[in-house]
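Hi everyone, and thanks for coming. I'd like to walk you through a structure that may be new to you, so please have a look at it first.

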Amino acid sequence: MRVTVEVDGDGVARVEMCRGHGNAIDLAMARALLDAARECERTGARAVLLTGQGRHFCVGGDLKEFAALSGDRLVAHLTEVTDALHGALRILAGLDAPLVTAVQGSAAGAGLGLAAAADLCFAASDAGFTAAYTGIGYSPDAGVSWSLPRLVGPRRAMDLLLTNRRIPAAEALDMGLVSRIVAPERLYEEAAEAASALARGATGAYGATRRLVAGALSAGFGEHLDAEARQLAAAAVSDEGREGVAAFLAKRRPDFTHAPVP
């Protein structure tokens, strides 16, 4: 089994890549990630925690599998891989549930894309990030050419994509590629705590916020203000919004997991 999914009592979907071989993404792995994303959607997960088993988070595509093919067979195979992987990313991006990643070792190629797709990316202090694509004559996938410019800016994104230099965790934090750096032995624990805390929060408001931030760079200012107004009005009349205001006025902690209407 290349990917496991377990939804805990808090509503956190714990998705673990466990292929070995640096969790390199072959066709079966890409399809397993798609199945995992569908399971997160089906179960109504309130947060998603994506991790990689072993020394590395994900070293990117399985080049041995790709090298065994050529011509039309390679084109068809890579299309299948990216269709499945991109399908997983589309589903995860469309959920209300925030995505948290915990990165140890290397996040390269598509592994970088998975890390960059997160709303919160925790990195071990000894982790490293590299685009890797152009170094083997490939162009990016896994949303890397979309996410990197938004996270680190177009100039830095081109630097990373063209030079393929390895970015240590501290530099990744400085440039906005990761959210927090933690000691390697604390990586999973701290990422899991963050995912559990998010799962107890206002999931609908999280989803609206994810959509607003994702659309911010492609919308005009006026258009984006209109979108904010629509989302805010919808949130205000939702059970979550009503519970949040009632809890604030009553000086108590809101219960967003049940969101009772006062």
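**Charged pairs and a hairpin**

Let's start with Arg 186, which counts as partly exposed, with a relative accessibility of 29%. Its partner is Glu 190: the two form a salt bridge, and their closest N and O atoms are 3.3 Å apart. Glu 190 is partly exposed as well, at 26%. Please keep in mind that this is a predicted model.

How many salt bridges does the structure hold? There are 14. In general, side chains of opposite charge can pair when their charged atoms come close.

Now over to helix 1, residues 27-42. Here Arg 38 makes a salt bridge with Asp 35, with 3.7 Å between the closest N and O atoms. These residues sit 3 apart in the helix, so about one helical turn separates them. Arg 38 is partly exposed at 45%, and Asp 35 is partly exposed at 47%.

Further along, Arg 42 and Glu 39 join in a salt bridge, 2.8 Å from N to O. They too are 3 residues apart in helix 1, about one helical turn. Arg 42 is exposed, at 60%, whereas Glu 39 is partly exposed, at 27%.

There is also a network of salt bridges, linking Arg 2, Arg 19, Asp 26 and Asp 62.

Finally, the hairpin. Strand 1 (residues 3-7) and strand 2 (residues 12-17) run antiparallel, joined by 5 bridges. Thr 4 stands opposite Glu 16 of strand 2. Between the two strands lie 4 residues, and Gly 11 in the turn has a positive phi of about 90 degrees.

Terms used:
Residues numbered from 1 in each chain as written. Predicted model: local features only at pLDDT ≥ 70, side-chain atom pairs only at ≥ 80, totals over all residues. Heavy atoms only, no water. Pairing = 2+ DSSP bridges. Salt bridge = Lys/Arg side-chain N within 4 Å of Asp/Glu carboxyl O. Buried < 20%, exposed > 50% of the residue type's maximum accessible area, 1.4 Å probe, protein only.
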